[in-house]
Amino acid sequence: MAYPVIDAPYGLKPINLIGGQVFAGYTREYPIPYAYNTDIFYGDIVGLTRGQVARLSVSTGTVGTVAGIFLGCRYTNLTTKQVQFAQYWPANTTAGDAVAIICDDPDTVFKAAVCSATTVIASGARAMIGQNLAMINNTGNLNTGDSRNALLAPTATPATTAALPIRVLGLVPETAVSLGTATFTSIATETITCSAIPFALPVGTDVGSLAANGQYISSGSFVATAAAAGATTVVLNQAPIAAFGASATLVFVQYPELLVKLNFGQHEYYAAEATA
């Protein structure tokens, strides 16, 4: 089966719940203020202000203010006088009965794309699992109504900073891209010297090697600086857990998507202080 190429971020997409529980599609409805002046896109993070929905910019976290993830809305169209269901909330819509459809379970597991900047697809890696990530706050897509928010690919050792909004739970192997291999020559701290790489390496690319018996060995490291095709050096975020063997075959895999959840304390349900 061919899986789609991930060529753009799409915000946070609910997949299931932690502990293996099934996401049954349950949502909660919250009112949207009359003529609210900000577009809200499917997959955006939202909070509450005086009991009404507001889009949040959560690049580096907004502790205790997240109400959930926006999954569309409904309101009465003033022209047709009919109830309209919409993928996104168009800013300044003059509807007094508008409600947002919100995935509000703080234990929801989401799928999200990884970017190095704005909407440039990068990569996740094994070394990011269990770590915290920042997000990129992008303007959504007016054509599809989808969010363009993304996970920010780290360029150094993944952060443990408590305030960051996202905790990484796992990789998405279905959309992984096996970029190829190169022959290891040497390493100085975090910089690998190898045979010319016939492919580009985005930030975050997972790096491993092959053992003599053909088994894969994870390095526990990832690409910290994007490398162009033809490069003979690769900068890692940190030295590999175990040294690469002489003339080892290096393996580079791009994971454009990760499984994540809201970091503990970000959601208002896990905050003792109520939202104003």
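Tutor: Residues are numbered from 1 along each chain as its sequence is written, and side-chain values use heavy atoms, with hydrogens and water left out. Because the model is predicted, local features need pLDDT of at least 70 and side-chain atom pairs count only at pLDDT 80 or more, while totals for chains, interfaces and linings use all residues.

Student: How many salt bridges does the structure hold?

Tutor: A salt bridge is a side-chain nitrogen of Lys or Arg within 4 Å of a carboxyl oxygen of Asp or Glu. By this criterion, the number of salt bridges in the structure is three.

Student: Which residue forms a salt bridge with Asp44, and is Asp44 buried or exposed?

Tutor: The partner is Arg55, with the closest N and O atoms 2.8 Å apart. Arg55 lies in strand E4 (residues 52-55) and Asp44 in the loop between E2 and E3, so the pair ties together parts eleven residues apart in sequence. Strands (E, at least two residues) and helices (H or I, at least four) are DSSP runs, numbered from the N terminus. Buried means under 20% relative accessible area, exposed over 50% and partly exposed in between (1.4 Å probe, protein chains only), so Asp44, at 0%, counts as buried.

Student: Which side chain meets Arg28 in a salt bridge?

Tutor: The N to O distance in this salt bridge is 2.7 Å. The pair links distant parts of the chain, 76 residues apart: Arg28 is in strand E2, and its partner is in the loop between E7 and E8.

Student: Which residues have the most contacts inside the largest nonpolar core?

Tutor: A nonpolar core is a set of buried Ala, Val, Leu, Ile, Met, Phe, Trp, Tyr and Cys residues joined through side-chain atoms within 4.5 Å. In soluble globular proteins, nonpolar side chains tend to be buried together. The largest core here has 31 residues, and those with the most contacts inside it are Leu12, Ile45, Leu151, Ile166, Leu258 and Val260.

Student: What is the phi of Thr118, and where does Thr118 lie?

Tutor: Most residues other than glycine have a negative phi. Thr118 is not a glycine, yet its phi is positive, at about 40 degrees. Thr118 counts as partly exposed at 48% relative accessibility. Its place is the loop between E8 and strand E9 (120-121).
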